[in-house]
Amino acid sequence: MEIPLKGRADLRIGDIAALMRHARKSASYKPALLKALVRCCGQSDDLHISLNSIGREFTKLYWNQTVVYHLRQAASLSKESMAVKLIRRIAQAYKAHDLARLPAAGRAEIDRQMSRLLTVNVLSAFHASRPPGMPPLFQWEPGQDHVAITPKAHAFLKTQAAALELVANFYWAEFLEGCNRLAPRIVQKVSRDGASRKSLQKYFKILSEESNLQCFYCEALLGEQRAPTVDHVIPWSFLLEDDIWDLVLACARCNSSKSDWLPDRAFIEKLLVRNRDLSRDGISLAIGEPEVERLYEAAISVEWPRSWSP
Ligand SMILES: [Zn+2]
C-alpha cells in the first residue's frame with residue numbers, strides 16, 4: 001500500500017516510541033531497523049540508503065548479540081529469527097567470533113543475505129504499528145534495492161540519533177529480557193558496540209600474590225617462559241564485569257583456548273576456595289558464594305558454551 005506523502009506532520013520521538021511499543025512482542029527487527037537507519041544517516045547524507053548498507057548495520061548489531069553475548073531473539077532456539085540463524089550459520093562455517101576477523105567471503109555472504117532478509121519481512125512491516133498521523137520514516141517498494149527518505153526524515157534521524165538509539169535500545173532490551181531471563185546486563189549488551197574492555201593490569205599484583213604464580217587451570221608455573229595473563233573464570237561477555245572474585249591468573253595458552261567458554265564445574269569449586277583465601281586476606285569481594293554459583297548456573301541455562309578444561 002502506498003503511504004500518503006501529503007499533509008504529513010513532523011516526525012516525533014514520541015511517535016517512534018509508540019511504533020516500537022506496539023510492536024515489541026513480535027520480534028527485534030523494528031528496533032534493529034531503527035538503529036541501522038540512524039547509523040546509515042550518520043554516515044552519509046544520501047537520501048537513498050542502499051539495502052546493502054542497512055544489511056551491514058543489521059549484521060553488526062545481530063552479530064554482537066548472537067556471537068559475542070549469546071543472546072537469543074526468540075523464546076526457544078528452534079524458533080530463532082532468520083537474522084540469528086544466518087549469523088549462527090556463518091559464524092560456525094568460518095569459525096569466527098570477531099566480526100572484524102570474518103574472512104571477506106563470509107562477510108560478503110552474510111551482508112548479501114541480510115539485505116535480502118530485509119525485503120522479506122522487515123521493511124514492509126516496519127510501519128504497520130505506526131501511530132495515527134505519524135509520517136513514514138522511509139519509503140520502500142518491493143524490488144527496490146534502497147529505501148528513500150525525505151530530507152526532513154534524514155535530518156530527524158541524524159539530529160535525534162542519540163534519543164532514537166535510546167528508544168530502540170529500550171524496546172530491544174525489553175524484548176530480550178523475555179527470551180533471556182537469566183542473562184545479566186541486557187541493557188548494556190544492547191547498547192554497547194562491540195566488546196571493548198578495560199585493562200585488567202591493576203588486578204595483576206594481588207593475583208600474583210594469591211596464586212603463587214601458577215596458571216589457575218593447568219597449574220603450570222608462570223614466569224618469563226610462560227607469561228601470566230588475567231582471565232575471567234565466568235566469561236566477561238556474560239557478566240560484563242571486571243571484579244576480583246571472577247579473575248585469576250592463567251597461562252596464555254589456557255586463556256586463548258578457553259576463550260569465552262565456561263570452564264568445567266570443578267574450576268568454579270576451585271574459584272570459591274580461592275575467594276575464601278582472598279577474603280581471609282582482607283580483600284572484599286563484591287558477591288558471595290551462592291551468587292557466584294547462581295551466575296554459573298545462569299550461564300548454563302542460557303546455553304553458554306561450556307565444560308572447557310585445559
Ligand atoms: Zn594454563
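Helices are DSSP runs (H or I, at least four residues), numbered from the N terminus.

I note that this is a predicted model, in which local features need pLDDT of at least 70 and side-chain atom pairs count only at pLDDT 80 or more, while totals for chains, interfaces and linings use all residues. Residues are numbered from 1 along each chain as its sequence is written.

In helix 6 (residues 151-159) I found Ala153, Phe156 and Leu157 buried. They cover an arc of only 95° around the axis, which puts them on the same side of helix 6. The arc is taken from the directions from the helix axis to the C-beta atoms. Their cover includes helix 2 (29-43) and helix 7 (161-179).

**Helix 12.** I listed Phe267, Leu271 and Asn275 as the buried residues of helix 12. Seen down the axis, they fall within an arc of 85°, so they line one face of the helix. Helix 13 (289-301) is part of what covers them. On the face turned away I found exposed residues, among them Glu269 and Arg276. Gly282 follows helix 12 and has a positive phi, near 85°.

**Domains.** I looked up the division of the protein: domain 1 (13-191) and domain 2 (201-301). These bounds come from an automatic or database domain assignment. Their C-alpha centres lie 35 Å apart.

Key:
Buried ≥ 20, exposed ≤ 12 C-beta atoms within 10 Å, placed from the backbone. Helix = DSSP H or I, 4+ residues; strand = E, 2+ residues; numbered from the N terminus. Contact = placed C-beta atoms within 7 Å.
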